[in-house]
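Please keep the sequence and the structure in view while reading.

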Amino acid sequence: MKLSSGFWQTYKEVPADAEIPSHQLMIRAGLIHKMGSGLYSYLPFGYRSIRKIEQIIREELDKAGCHEILMSMVTPGELWQESGRWDAMGDQMLKVKDKGGRDLCLSPTNEEAVTDIFRKTIRSYKNLPVTVYQINTKFRDELRPRFGLMRGREFTMKDAYSFHADKQSLDEVYDRLFKAYEAIFTRAGLEFSAVEADGGAMADSDQKTHEFQVIADTGEDEIIYCSKTGYAANIEKAQTKRANLNLDTSTSELKEVSTPSMGTIEDVCAFLKVPKEQSLKSLVYKSVVGDEVETILVLLLGDDTLNELKLTAYLKCDELKPATDNELMSDGFIKGFIGPYNLDAKARVIFDSQVGLEASYTVGANKVDMHFKGLSPKRDVQDFETADLRTAVKGDLTIDGEGVVDIRRGIEVGHIFQLGDKYTKAMNATILDNNGKTMFPLMGCYGIGVTRVVAAAVEQHHDEKGIVWPMSLAPYHVYFAEITKSPENKELANSLYSELVEAGIEVVFDDRKAGPGFKFKDADLLGLPIQLVFGERDFKKDGMLEIRLRKTGESFKVLPGEVVEKIKSLIEGNK
C-alpha cells in the first residue's frame with residue numbers, strides 16, 4: 001500500500017477519555033475511530049490486524065474439527081424467554097420490538113440461538129459430538145464502556161458451542177479446544193496464561209471452566225500463579241492456603257470480655273493485644289434462590305477477605321448481597337459484635353476452611369460492647385459448615401504446600417466453559433441415546449474476544465514511541481520509508497516496492513511528501529515489525545539501504561538486490 005494514496009491519519013494528542021496505552025495508541029495510530037460511547041469503527045490498519053487474528057482462529061478451530069456458521073445478530077426474544085435469561089440478563093441486553101410487536105434483542109451471546117438450531121437439526125447420539133463456531137458482532141449495553149476495544153459495547157467475538165451425548169465426550173472436546181486456544185494465542189505472539197476460573201452465571205461450579213489471560217500491567221484481572229508448580233487461577237477462583245499461620249491452639253475457656261465502642265477487628269485486636277489472625281471476622285449475607293431468602297453468617301480469620309464469588313458458587317444462589325443495617329437489626333444481630341456462639345438470629349453458619357476448628361479465637365459475643373476470647377469452633381459452635389471462601393493473596397502456599405504463589409495482572413481474551421445440560425434442558429433440546437431413549441445432550445461453550453485480542457496485543461507490546469506489533473498480528477510486516485529527491489532514486493524506490501509486493505511481502509510504502517522526522521515518528525507509532533529506509537544521502541555514500549527492527553532497534557545495511565531476501569528471512573525468523 002502506498003501512503004500517498006492511502007486512507008490513514010495519525011494524531012499527536014492523546015484523547016481525553018483514553019486511560020490505557022492500547023486505547024491511546026490505537027486512536028493515535030489511526031487504527032480505530034470512536035463513533036459514540038463504547039462504539040468504534042475499524043479503520044484499514046486496525047481491521048487488517050482483526051482479520052489476521054480471525055484467520056488464526058479459523059485455522060486452529062478448523063484443525064480441531066469445528067464447523068463455521070454465522071448466526072443472526074438479532075435474536076428473537078422468545079428464545080431468551082425459553083431459557084429464562086430474558087429478564088436475567090438485565091440492562092446489558094439491548095431489547096427492541098419489530099413492527100409486529102415481537103420481542104427482539106441484539107445478541108450479547110448465542111447459547112439460545114445455537115441450541116435452537118441444534119434441536120431442529122440433530123436427532124440422534126450418532127451425530128455427536130459436534131462443534132460449531134462463528135465470528136460475529138456482539139452487543140452488550142455496558143453501564144461504563146471504557147478502555148477502547150477492551151470494554152466496548154459493540155465488539156467482534158468468536159463463540160463456539162459443542163454438543164455431546166456424555167461427559168467423557170465433553171471432556172475430550174473441551175481438552176481439544178483448550179489446546180486449540182493455546183495454539184491460537186501462541187501464534188498471535190502473546191504472553192498468556194490459562195487459568196482456572198469461575199463460571200459465574202454461565203456454568204455450574206462443578207463444571208470445568210478456564211480463562212485465557214494476556215499478561216499486562218494494566219489488566220483488570222488478578223491472576224494467582226505459582227511458577228514452581230504451574231498452578232494458575234483467576235483470583236476469583238484461586239484456592240490456596242495461608243503460609244506461616246500462627247494459631248492459638250491452647251484450650252482456654254470461653255471468656256466474655258468488655259470491648260466498649262470497638263466494632264472493628266482492628267480496634268478489638270489492638271485493645272485486647274491479640275493478633276488479627278487469632279480473631280474471627282463475622283459477615284452476614286442474604287442468599288437468594290428463587291423466592292427463598294436465607295441468612296448466611298460467614299466467619300473468616302480476622303486479616304482475611306471474603307471472596308463473594310466463591311460464596312455465591314458454594315451456595316449455588318441466584319443472588320448474594322450483604323445484609324443491610326436494617327436487616328441486621330431485624331434479624332437480631334448486633335453490628336460490630338456478631339459471633340457464632342449464643343446466636344439468637346437464625347442463620348446458616350459457614351467457617352472459612354483456613355479457620356482452625358480446634359484453635360481458639362476472639363469473636364463477637366452478640367452483645368453490645370462485648371466479645372469472646374477463647375472460642376473454639378469445634379467445641380463451642382453447633383451446626384456449621386466449612387468452605388474455601390477467602391481471597392487468595394501473594395505469599396500464600398499452593399494447596400499441596402509445594403509452592404508459593406504470586407500475583408500478576410491479566411486481560412481476559414478467552415473463556416471456555418462446560419455448560420452441562422443447562423440450556424438443552426431449559427429449551428427442551430433432546431436426542432435419542434443408544435437405547436432409543438430421549439436425553440438432554442451436554443454442551444460446551446468457547447469464546448474469544450477477537451477485537452479485545454488486538455487491543456490486548458497493543459497493551460502488551462508497546463513502548464514510549466508507539467505500538468510494537470508481533471509479526472503475526474501486524475497490519476503489514478514492513479514500513480518502507482522513501483526519503484529521496486532525485487528522479488532516478490524515486491524510480492529505484494518504486495521499483496523496490498514493486499519487488500517486495502511481487503514477493504508476497506506485506507509492505508506499506510511511505511511515499512508521502514514529508515520530512516524524515518515526520519515519517520520516522522509515524523513509523524514508530526504504527527509499530528510495524530520491520531522498517532526499511534531508503535535515505536538518499538546515505539545511499540549516495542555506500543549504495544545501501546537500512547533495515548531496522550522496531551522491537552529491538554537493531555539495524556542492518558543491505559544492497560538493493562539483497563532487500564527482498566533479507567526481509568523474507570527476518571519475517572520468517574520473527575513469526
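In this predicted model, strand β11 (residues 221–225) pairs with strand β12 (residues 232–234) in the antiparallel sense, over 3 bridges. Within that pairing, isoleucine 224 stands opposite alanine 233 of β12. The two strands form a hairpin with 6 residues between them, and in the turn glycine 230 has a positive phi of about 85°. Strand β11 also pairs with strand β23 (residues 406–420), again in the antiparallel sense, and here the pairing runs over 5 bridges.

Which strands make up the open sheet of 3 strands, and in what order do they lie? The order is β4-β6-β5, and the pairing is antiparallel. Because β4 (74–76) and β5 (94–97) stand at the edges with a single partner strand each, one side of each is left without a neighbour in the sheet. From one strand to the next, the twist averages 35°. Strand β5 pairs with strand β6 (residues 103–106) in the antiparallel sense over 4 bridges, and the bridge partner of lysine 95 is cysteine 105 in β6.

Another open sheet has 5 strands in the order β30-β29-β31-β32-β33, and its pairing is mixed. Its edges are held by β30 (507–510) and β33 (555–558), each of which has a single partner strand, so that one side of each is left without a neighbour in the sheet. The twist in this sheet averages 20° from one strand to the next. Inside this order, strand β31 (residues 530–535) and strand β32 (residues 545–549) pair in the antiparallel sense over 4 bridges, with glutamine 531 standing opposite arginine 548 of β32.

| Strand pair | Sense | Bridges |
|---|---|---|
| β11 and β12 | antiparallel | 3 bridges |
| β11 and β23 | antiparallel | 5 bridges |
| β5 and β6 | antiparallel | 4 bridges |
| β31 and β32 | antiparallel | 4 bridges |

Turning to the helices, is helix α1 (residues 21–28) largely enclosed or largely open, and why? Helix α1 is largely enclosed by the rest of the structure, because 6 of its 8 residues are buried, a term that stands for under 20% relative accessible area. The buried residues in α1 are Ser22, His23, Leu25, Met26, Ile27 and Arg28. What covers them includes the strands β1 (32–36), β2 (39–42), β27 (462–463) and β28 (466–467), together with the helices α12 (450–460) and α14 (516–526). Just after α1, glycine 30 takes a positive phi of about 70°.

On the α13 side, Leu496, Glu499 and Leu500 meet Val563, Val564 and Ile567 of α16. By class, this contact of α13 with α16 has 5 nonpolar residues, no polar residues and 1 charged residue. An α-helix has 3.6 residues a turn, so residues three or four places apart point the same way.

Note on methods
Residues are numbered from 1 along each chain as its sequence is written. This is a predicted model: local features need pLDDT of at least 70, side-chain atom pairs count only at pLDDT 80 or more; totals for chains, interfaces and linings use all residues. Side-chain values use heavy atoms; hydrogens and water are left out. Buried means under 20% relative accessible area, exposed over 50%, partly exposed in between (1.4 Å probe, protein chains only). Contact means heavy atoms within 4.5 Å. Ala, Val, Leu, Ile, Met, Phe, Trp, Tyr, Cys and Pro count as nonpolar, Asp, Glu, Lys and Arg as charged, and the others, Gly among them, as polar. Two strands pair if DSSP finds at least two bridges between them. Axes are lines fitted to C-alpha atoms, for helices over the stretch in contact, and angles run from 0 to 180 degrees between N-to-C directions.
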